[in-house]
Amino acid sequence: MKEDNCLHAALICLGMLYYSHAITTEKLNHTRPSLHGHHEKGKEGQVLHRSKRGWVWNQFFVIEEYTGPDPVLVGRLHSDIDSGDGNIKYILSGEGAGIIFVIDDKSGNIHATKTLDREERAQYTLTAQAVDRNTNRPLEPPSEFIVKVQDINDNPPEFLHENYHANVPERSNVGTSVIQVTASDADDPTYGNSAKLVYSILEGQPYFSVEAQTGIIRTALPNMDREAKEEYHVVIQAKDMGGHMGGLSGTTKVTITLTDVNDNPPKFPQSVYQMSVSEAAVPGEEVGRVKAKDPDIGENGLVAYSIIDGDGMDMFEITTDYETQEGVVKLKKVLDFETKKSYSLKVEAANVHIDPKFISNGPFKDTVTVKISVEDADEPPVFLKPSYIFEVQENAASGTVVGKVHAKDPDAANSAIRYSIDRHTDLERYFIINAEDGNIKTIKALDREEIAWHNISVFAVEVLLLAPVDKQHQEAKVPVAIKVVDVNDNAPKFAAAYEAFVCENARSNQQFITISADDKDDSANGPRFIFSLPPEIIHNPNFTLRDNRDNTASVLVRREGFSRQKQDLYLLPIVISDGGLPPMSSTNTLTIRVCGCDSNGSLLSCNAEAYILNAGLSTGALIAILACIVILLVIVVLFVTLKRQKKEPLIVFEEEDVRENIITYDDEGGGEEDTEAFDIATLQNPDGINGFIPRKDIKPEYQYMPRPGLRPAPNSVDVDDFINTRIQEADNDPTAPPYDSIQIYGYEGRGSVAGSLSSLESATTDSDLDYDYLQNWGPRFKKLADLYGSKDTFDDDS
């Protein structure tokens, strides 16, 4: 409050000073000299005339923010022709004239009636003129002048932002630039020190400083540590008047954050880690975790782990979990408690990214000892071999020993082992194993030609005598492959079902077929094959055999000339022996047919009836005859079918046109004696009114137009004339059926002897009518009799 009072007093003094200066300036500079110059004599008697001058101007000044009780005198206008008699009138126009600035038209004094603000408007341009008060005739030409608003220090400095945020690396050198803050002052920078700003720091020492002229904030202390304090709040002041007493000021807050650098090495919180792992653990299983703490953040705090020494380097490995920054110790190989019970590792944790500027703070790594103890586990039995291969001869007697498997308990207890065969691998139960010693034997004879290899699995289960009932016994499984060794128990046979053909005109020693053999036994007991003829036909007069010594044999003709009439089929026995020990043989029969051939030896026919067929018709003639017979049979069948087919009549006869009957009898007349009361129009066929009566079986290609003069009969026409007209129309219409007789019966009345044939009235009553008499009316009423006479029967059935 004291400071504000001092400022107010200074403003009043300054305003008085400006006011005095303005009055003096107005008296000295703002009066106009005489409009009429005085005469002066020059040299040689010349009379000199002073030229007439216009307004003599200087800029007028008025202090802003003046709050006195009276209007501020800006200046005074006066013309030298003004004699003071009040005949001259002063006029003021321009910016703010009459609103802000007013003029006394008699004295020429200009006053400011409102408080002015230089920051809103710095100057005003006005025009002054002296006119005759009575006639408003201009006495002087108009002239412009400027009124400038004199600035005072009424605006404090303002920063561009209320709050600033900045970052600077920790441990930065003294004087490192952090951020520059800028303030502005709305006062006139060209007048006085109202807009001359000076920056200073109010809060944030001794960590930071600010340059007074530029507003740049710099670090003031060395080795500022982010891990000790990360964020600082600094208050900067900007003060005008060059920072002197009475100046106005503004402040802003700057939040400065120290960014991290890698200036801290990782450190383990303890020197030794204890871990344990079961010997039953599988490779890749996690054993434990270690963690080195690094106060740095981000990539500066990344740590990588490695094993650099220890007797467990081959058994364990360590990986880095970058999410938790932990080292994960994992099992690398299978452990054996009985072999080694503990391991020791030396683990190193090192920073991934090292800042060369802080290398002197190193080393950026740390080591720790990890001790791992192996826990004993109930392990399954272990076979001496990962797999077994045995051999046994086929056809061996039941109970033959195939081989022996052996497993042991690796635990210290060394429990007894029991063996069994996985029956899913021996569904036919060819083998059995001794549960005590692991001997595998056959149960039945084996056939190599059926199954050459048997692949079974053998279980080994440890027996725990004092184990709990719910404890699961450890077991192991091993594959056993059993090869069935071949013995020569299959004789060779023809490789295929051979059937040979020999020409009637075959030459002697002519080869006509080559045969080969096949043996189900192994190659050691199969080829080479030996082909021969049985001893009893070694001198066969028709054929001979030649062994080609390549597991094939050729059959040759021994004599010339064969006749199908005499014998068309020969059976040649052939003996085939294999190369096994002892060898086995079989006799196979080769069927040989005698066929007719041409001169080139090409086969023509192998049937004995071929000669008989030559005496009759040729094959082509027989085919032609059969074709003719088939065609005749087809024609006969078609004719019979067409004869039996019943065609529907093209014209609907009157007995079948139930529709016309119903339509015709849909009204009642007055009987034969009544020819006037009946509406003849009801007898008209609805389809025939336009002269067209459709046929049932075809769609007419054109619509029949009634003949001229044939018009529907009016209601007053006699019935005979009406019927005759309809008959004539039906006779002349090729598309309409003969409705004449039906239309005759379509007109019945109350006076008719036969009575009414309509059922429209009876359908609306509950009376039971007997229509059996219709059966006696003849064939024309057969349809009605069948339709109405079957009602009772239908009701009974329902």
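Reply: Happy to start with Arg289, which counts as partly exposed at 33% relative accessibility; here buried means under 20% relative accessible area, exposed over 50%, and partly exposed in between, with a 1.4 Å probe and protein chains only. Arg289 forms a salt bridge with Glu326, and their closest N and O atoms are 2.7 Å apart. By salt bridge I mean a side-chain nitrogen of Lys or Arg within 4 Å of a carboxyl oxygen of Asp or Glu. This pair links distant parts of the chain, since Glu326 sits in strand β23 (residues 326-331) and Arg289 in strand β20 (residues 286-290), 37 residues apart. Helices (H or I, at least four residues) and strands (E, at least two) are DSSP runs, numbered from the N terminus.

A word on the source: this is a predicted model, in which local features need pLDDT of at least 70 and side-chain atom pairs count only at pLDDT 80 or more, while totals for chains, interfaces and linings use all residues. Residues are numbered from 1 along each chain as its sequence is written, and side-chain values use heavy atoms, with hydrogens and water left out.

Now to the other charged pairs. Side chains of opposite charge can pair when their charged atoms come close. Searching the whole structure gives 20 salt bridges. One of them joins Arg133 and Asp105, with 3.3 Å between the closest N and O atoms. Arg133 lies in the loop between β8 (123-132) and β9 (143-150), and Asp105 in the loop between β6 (101-103) and β7 (109-112), so the pair ties together parts that are 28 residues apart in sequence. Arg133 is partly exposed, at a relative accessible area of 25%, and Asp105 is partly exposed, also with 25%.

Arg218 and Glu211 form another salt bridge through their side chains, at 2.8 Å from N to O. Arg218 has a relative accessible area of 24%, which makes it partly exposed, and Glu211 is partly exposed at 28%.

Some backbone details are worth a look too. Most residues other than glycine have a negative phi, and most peptide bonds are trans. Against that background, Asn223 has a positive phi, near 55°, and it lies in the loop between β16 (216-219) and β17 (231-239). Asn509 has a positive phi as well, near 65°. You will find Asn509 in the loop between β36 (499-503) and β37 (511-518), where it counts as exposed at 55% relative accessibility.

For peptide bonds, the one joining Gln205 and Pro206 is cis, with omega about 0°. Pro206 is in the loop between β14 (198-203) and β15 (208-210). The bond from Leu581 to Pro582 is also cis, with omega near -15°, and Pro582 belongs to the loop between β41 (569-577) and β42 (585-597).
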